[in-house]
Every structure is written in C-alpha cells, then in structure tokens.
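This report looks at a few parts of one protein and describes how they sit together. Please keep the sequence and the structure in view while reading.

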Amino acid sequence: AYRQEIVESLFDRMLNVRFSELAQKPDPPFVGGGASIGPFGIRGKEAASLNAMVKETGIERGIDVLLTEALRVARHGFTPSECDRQKKDMLRGIEQQATEKDKQQSAMLANEYMRHALVQEPIPGIVYEYELYQRFLPEITLAEINALATKWLAESNRVVMVSGPQKEGLVVPDEARLAGVIKAVGTKEVTAYVDTSDSKPLLDPIPSPGRVVKTSTREGIGLTEWELSNGIRVALKPTDFKQDEIVFRAFSPGGTSLANDQDYVAAMTASQTVGAGGVGQFSQIELRKILSGKVASANAGFSDLSSTVFGSGSRKDLETMFQLIYMAFTQPRSDPAMFGVITNQMKTILANRKNTPDYAFSEALSQIMSQGHIRGRTMSPELVDEMNLEKSMAFYKERMADASGFTFVFAGSFDLDLMKPLVERYLASLPSAGRPETW
C-alpha cells in the first residue's frame, strides 16, 4: 500500500508540473491548474481531481486544456526525464525529513496520530518511511506510473463543477455545452509531450574569490562577524534548532524609497517580475529542472526602506544556495513572455477580488491610513497597467549593482570552516562601488 502511494504521488506531481508550465505560457488557459489524488468527502474514500482558476470567459477553454493534458498522459505517458526528476525530488525531501527527525513540528506529529486513529494509517516513523522510499523508488517503473492514467483520468464516474461570480453579462456554460467540450476532447489527436532539459552548469564561470579581511566575535550570543574585501558585512550564528537547515537574509538601506513616484509601481513589483524571469540563461521552468533534487533558494525583494536577499539551503546543497545568491545580484533575467503572464494573471484575480467586501474594506482602510498617498494605493487592475518590465529591471540592477552596503546574516546547522570558502568565493566577489547607502 505504501509503495502504491508513492507511485500515485509520482503521477500526481508530474501532472502538476505540466499544468504549472502551461500556466506560464503566453495567453495561458488558466491562472493556475492542478491535479490531486486523495481523500474525498467520506473517510476512506479517494478521488482524482483536476482543477483550474480561469478568466470569466475561459471556462470552456480551461476544461478543454485540463482534459487534453490528461488525454496526452493517457495516450503517451510521462517521459523518463520527468520521472527521474520527481524521484530525485521525492527522495531528497524524505531524506531531509529523516535528518530532521528530532526537530519535527508538533503539528506534524499530531496529524500523524489523527490519521492513525481516523483512517487507520500506519505510523512506523520517518526513519522507517525513508528506508521504504530508498527501497521502492529505484524499482518503480515509468510504465506502472503511466498505467495510472486509465484509472485516475477515466471518463466514467466523472463530476464537473463550475463556480463563478454572479453578475450581469456573465454567462456560465450549461451542462450541454460542457458535455460538448468534454466529448470533443476525446476525439482530438494529441502529440506527445516534449521534455526539454539542460545539462549546463548553473553558474559558469565560477567567480574568483575575494577574502575575509576582518573577524570579530560576540561571545555572549555566539556570533561571528566577518568584513569582506568588497565591503560586505557577514554575521554568522551556528544553531542546532534544525539539523539540516541554513537560513539567511541580507539587507541594504534604500529600497523603493529611492524610486520616483512615477516609477514606484515598477520598483514595488521588481522582485516579482524580474524573479519570474529566472536567472542567468535559465527561465523559471528550466531553473526548476536544474535544481531538481536540491534544497536551495535565494530571492531578492524590495521594501519601502531596504533591498533584501533571502533564502535557505541544506548542508549538502550549500554551494548551490551561494551560487543562487551570486546570480541574484549579477545575473537577473528579463522574460517579456512571463511578464505578460504575470500581469494577465493579476488582472484576472484582482478583477473579481475587487467585488468582495474584504477588498473594499482593505482599500478604504488603506486610503484612510495613507491619506490617499500615491504609494499607499491597494493593488488593483489599474495599478497593474503601471507595471513596466524595463523600469523594473533597471531599478533591480541599480539596487543590486553595489553589494558593499549589504549585511548578510546566516543562521543554522553549519560550522565556520564550511562557510568561509563559500563566503569568500560567492559574496566577497560581488560587485562593489563603496557608495553610501540610505533610504
């Protein structure tokens, strides 16, 4: 039973990745789509479901694309490379859970006991489950995963539910029209999915290292501080709260306060729009594939008063985390297609949210608290029109061009000997102009 659950999870995850890729294409069929296999209503009963959030006029197209992708899997299956990536991710995830076995959140343990009592789910413990993953994952074949398509995506016993806003001029397709869409999908000729993956290294070339020029300690709190050759300050606090987690945050004064009012929206959304483009030569989709099986992240952000970079990683993938930090500063990537996807998604979501009491209340409160200030406006479809990718990229590059004003703070399960060469190579090598920074 446990082995079968892993097979179903692989199927589920691969299908969700395909839906995620569809949502990131120009003129996407839905804002977001997903698939799940799990409990449904009555305890002990399962159902497979497909779901999507669509534009008001995109109900029929959304259902068509969901079922077409399901049909593509049923006829052609998943690819070996898709399967390999998911196996890597799953094994890495369960490995980290086993490593953190003594530091689990109480809620996770409580939920295990609840499921044991309510649906008789066994609770052998995470170490034993990790051993099962190591045993079963290598022997699970792509053929048996693909065979699930005929079971979970079958045409029989199907329920279709559509919900949307009740308003004048919006016509929700009736049962006959939806049935027609579903029937038409079954007659389609669908081609096999083509999986594109890149074997290039994440960062090439690797930067030449700088150095730590000054070290100081604060014995009372176990903190070590390094000053780097390019002016960056680094504070490090080894902890044992988690057994395999390093977290960091870097900050520099300035943020969106340095953008003029005309460019404020572009500056405010810079981390979102530039981040969605990926890094270096890799799109977000390509980056996700390259980072398969790794636990590492680094993202930039901009508040009113500061620029930040934040993320985390495991000990095994620490160098990948540092490479992502370096690339966040030096290799932001502009993707006009993704920018179009983001703005269209935001307009779709905000158009209906604007009609809710919660939105009306928050907007009124924001107007009162900010006294109508141009920088205190609530995000709206009108503000989305002020977003500009070129201005966002210009602001991002300007704020990240000089790393000398940044302070990095690291905490987690590391030792200083492990961190020092990585800090010198990937942080001390960041561009530095020594300009004074303030908001």
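## A salt bridge across the chain

Lys-347 is partly exposed, since its relative accessible area is 33%, and this value, like the others in this report, comes from a predicted model. Its side chain meets that of Asp-385 in a salt bridge, with 2.7 Å from N to O. Because Lys-347 belongs to helix α13 (residues 336-353) while Asp-385 sits in the loop between α15 (381-384) and α16, the pair ties together parts that are 38 residues apart in sequence. Asp-385 itself counts as exposed, at 54% relative accessibility.

## Other charged pairs

Side chains of opposite charge can pair when their charged atoms come close. A search of the whole structure finds 31 salt bridges, and one of them joins Arg-3 to Glu-139, whose closest N and O atoms are 3.0 Å apart. This pair links distant parts of the chain, as Arg-3 is in helix α1 and Glu-139 is in the loop between α5 and α6, 136 residues apart. Arg-3 is partly exposed, with a relative accessible area of 22%, and Glu-139 is also partly exposed, with 42%.

Another salt bridge brings together the side chains of Glu-225 and Arg-218, at 2.9 Å from N to O. Here Glu-225 is buried, with a relative accessible area of 15%, whereas Arg-218 counts as partly exposed at 44%.

## The sheet and the helices across it

An open sheet is formed by 7 strands, which follow the order β3-β4-β5-β9-β6-β8-β7 with mixed pairing. Its edge strands, β3 (212-218) and β7 (296-302), each pair on one side only, and the twist from one strand to the next averages 15 degrees. Within this sheet, β4 (residues 223-228) and β5 (residues 233-238) pair in the antiparallel sense over 4 bridges, and Thr-224 stands opposite Leu-236 in β5.

Helix α12 (residues 318-330) lies across β6, β7, β8 and β9, and runs at about 25 degrees to β7. Helix α16 (residues 389-400) lies across β6, β7 and β8, but its angle to β7 is about 105 degrees.

## A buried glutamate

Glu-69, which is found in helix α2 (residues 59-76), is buried, with a relative accessible area of 7%. Its side chain makes a polar contact of 2.9 Å with the side chain of Arg-72. When residues up to four places away in sequence are not counted, Glu-69 touches Arg-18, Phe-19 and Leu-22.

Note on methods:
Residues are numbered from 1 along each chain as its sequence is written. This is a predicted model: local features need pLDDT of at least 70, side-chain atom pairs count only at pLDDT 80 or more; totals for chains, interfaces and linings use all residues. Side-chain values use heavy atoms; hydrogens and water are left out. Helices (H or I, at least four residues) and strands (E, at least two) are DSSP runs, numbered from the N terminus. Buried means under 20% relative accessible area, exposed over 50%, partly exposed in between (1.4 Å probe, protein chains only). A polar contact is a pair of N or O atoms within 3.5 Å; within protein, one must be able to donate a hydrogen and the other to accept it, and residues adjacent in sequence count only if both atoms are side-chain atoms. Contact means heavy atoms within 4.5 Å. Two strands pair if DSSP finds at least two bridges between them. Axes are lines fitted to C-alpha atoms, for helices over the stretch in contact, and angles run from 0 to 180 degrees between N-to-C directions. A salt bridge is a side-chain nitrogen of Lys or Arg within 4 Å of a carboxyl oxygen of Asp or Glu.
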